Amino acid sequence: MARIAGVDLPNKHVCVSLTYIYGIGRSSANAICKKSNIAPDRMMNDLSVDEVNELRKLIESEYKVEGRLRSEIGLNIKRLMDIGSYRGLRHRKGLPVRGQRTRTNSRTRKGKKKTVAGKKK
């Protein structure tokens, strides 16, 4: 089992296995395969040690992945909250950030329903 960027990659096609790394999607994985001259449909366990090392070097040099990417995203969100922008306030309140409606939906961000008692006459 190959280990790149601290992630154990499963024995699947190379282009699919690379997507297990945080920060690499399908298009990035295909671009990495093209740059390293590895066929995207080869299985991960069929790669030689040299090819795995080449993938590792390419990812470390050209892509921000895993811990570095997570910390950068966290710092960006913290910066938004510190300057008091609208997006920062939405992050702070735990509400949707990108303009979605909240009157009905958005249960993922808001959490479980909190029932409020109705008015008594």
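**Close-up views of a predicted model**

**View A. Ser-106 is found in the loop between α5 and α6 (107–110).** Helices are DSSP runs of H or I with at least four residues, strands are DSSP runs of E with at least two, and both are numbered from the N terminus. The model is predicted: local features need pLDDT of at least 70 and side-chain atom pairs count only at pLDDT 80 or more, while totals for chains, interfaces and linings use all residues. Residues are numbered from 1 along each chain as its sequence is written, and side-chain values use heavy atoms, with hydrogens and water left out. Ser-106 is not a glycine, yet its phi is positive, at about 60 degrees. With a relative accessible area of 14%, Ser-106 is buried (buried is under 20% relative accessible area, exposed over 50%, partly exposed in between, for a 1.4 Å probe and protein chains only). Neighbours within four places in sequence aside, Ser-106 is in contact with Pro-96 and Arg-101 (contact means heavy atoms within 4.5 Å).

**View B. Asn-37 is in the loop between α2 and α3.** The phi of Asn-37, a residue other than glycine, is positive and near 55 degrees. Asn-37 has a relative accessible area of 70% and is therefore exposed.

**View C. The largest nonpolar core has 21 residues.** Such a core is a set of buried Ala, Val, Leu, Ile, Met, Phe, Trp, Tyr and Cys residues joined through side-chain atoms within 4.5 Å. The members that touch the most others are Ile-4, Leu-18, Ile-21 and Leu-55. Two or more residues each come from α1 (14–17), α2 (26–35) and α3 (49–62). Of the elements, α3 gives the most, with four residues. Ile-21 is in contact with Ile-4, Ala-5, Val-7, Leu-9, Ile-59, Val-65 and Glu-66, leaving aside neighbours within four places in sequence.

**View D. Ser-17 lies in helix α1.** At a relative accessible area of 0%, Ser-17 is buried. Beyond residues up to four places away in sequence, Ser-17 touches Leu-9, Pro-10, Lys-12 and Met-44.

**View E. Ala-31 has its place in helix α2.** Ala-31 counts as partly exposed because its relative accessibility is 29%. Cys-15 and Ala-31 are 16 residues apart in sequence, and their C-alpha atoms are 9.0 Å apart.

**View F. The charged end of Arg-70 sits over the ring of Tyr-22.** The distance to the ring centre is 3.9 Å. A charge sits over a ring if NZ of Lys or CZ of Arg is within 6 Å of the ring centre and within 35 degrees of the ring normal.

**View G. Helix α4 (residues 66–83) crosses helix α5 (residues 86–93) at roughly 105 degrees.** The two axes come within 7 Å. This angle makes α4 roughly perpendicular to α5 (65 to 115 degrees; under 35 is roughly parallel, over 145 roughly antiparallel and the rest oblique). Axes are lines fitted to C-alpha atoms, for helices over the stretch in contact, and angles between N-to-C directions run from 0 to 180 degrees. Ile-77, Leu-80, Met-81 and Asp-82 of α4 meet Arg-87, Gly-88, His-91 and Arg-92 of α5.
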